[in-house]
Each structure stands twice: as structure tokens, then as C-alpha cells.
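Have a look at it first, and then follow along with me.

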Amino acid sequence: MAQPVPEGGKGAAQPTTDPRDENCERPRILFIDHTAKMGGGAIALLNLVLALDHARFEPQVLLFSDGPLAAELKNAGIEVHLVTLPSK
């Protein structure tokens with residue numbers, strides 16, 4: 001009599017990073033910026049995150065304040081994490 005294979009055990013499909021594989025697990029990439037103000041660096045970050053192949057990678061952005069960059073990223077469907085730092 002055949003024994004059931006435990007979930008995630010030997011014989012179970014293991015996640016890969018090959019996008020052609022139906023069990024593909026996209027690698028997460030965390031981008032970090034100290035501000036959410038729109039300037040040269042923030043615009044470059046926004047363009048980079050939007051140009052990334054979202055079928056292959058899962059971009060996330062960590063910001064230390066809320067602002068226009070956070071709004072633009074959220075509107076584009078990018079996961080944004082806010083960690084507010086205490087002011088001096």
C-alpha cells in the first residue's frame with residue numbers, strides 16, 4: 001500500500017526561481033530609500049522598480065517617511081513598507 005507523501009516532503013514539488021516552472025517562487029528584492037520626497041534619486045528608484053520584470057522578481061520598497069514616492073509606488077502596485085524614525 002502506498003504511503004501519502006507529507007506536504008513539502010520527498011516527492012513534493014519544490015519551489016524554484018525559474019519563471020518557466022509552475023512552482024516558481026519569485027525572489028524578493030528590497031529597495032531602501034531614506035526619504036519619500038520626489039527628487040533625482042527617488043525618480044531613478046521609481047523607474048528602476050517599475051522597469052523590473054515583475055514576472056521574475058517581487059520588488060518591495062522600504063522608506064523611512066511617507067510622501068509622494070510612497071504614493072507613486074503604491075499606485076503602481078508595489079509593496080511599500082514605512083518605518084518612521086524619530087525626529088531629533
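**Entry 1: the helix pair.** I began where two helices meet: Ala42, Leu45, Leu46 and Val49 in α1 touch Leu69, Glu72 and Leu73 in α2. Contact here means heavy atoms within 4.5 Å, and helices are DSSP runs of H or I with at least four residues, strands being E runs of at least two, numbered from the N terminus. I sorted the residues of this α1 and α2 contact into six nonpolar, no polar and one charged. For that sorting, Ala, Val, Leu, Ile, Met, Phe, Trp, Tyr, Cys and Pro are nonpolar, Asp, Glu, Lys and Arg are charged, and the others, Gly among them, are polar.

I then looked up the geometry: α1 and α2 pack at about 10°, with axes 11 Å apart. That makes α1 roughly parallel to α2, a label for angles under 35 degrees. Axes are lines fitted to C-alpha atoms, for helices over the stretch in contact, and angles between N-to-C directions run from 0 to 180 degrees.

**Entry 2: ground rules.** This is a predicted model, in which local features need pLDDT of at least 70 and side-chain atom pairs count only at pLDDT 80 or more, while totals for chains, interfaces and linings use all residues. Residues are numbered from 1 along each chain as its sequence is written, and side-chain values use heavy atoms, with hydrogens and water left out.

**Entry 3: the sheet.** I found an open sheet of three strands, ordered β1-β2-β3 with parallel pairing; strands pair if DSSP finds at least two bridges between them. At the edges are β1 (28-33) and β3 (79-82), each pairing on one side only. β1 and β2 (residues 58-63) share six bridges, and Phe31 has Val61 in β2 as its bridge partner. Helix α1 (residues 40-51) packs on the sheet against β1 and β2, its direction about 170° from that of β1. Helix α2 (residues 68-75) touches β1, β2 and β3, at about 150° to β3.

**Entry 4: Leu73.** Beyond four places in sequence, I listed its contacts as Leu46, Val49, Val61, Leu63, Ile78 and Val80.

**Entry 5: Thr35.** My last stop was Thr35, in the loop between β1 and α1. Thr35 also counts as buried, at 18% relative accessibility. Leaving out residues up to four places away, Thr35 touches Leu63, Ser65 and Leu69.

Notes: Angles under 35 degrees count as roughly parallel, over 145 as roughly antiparallel, 65 to 115 as roughly perpendicular and the rest as oblique. Buried means under 20% relative accessible area, exposed over 50%, partly exposed in between (1.4 Å probe, protein chains only).
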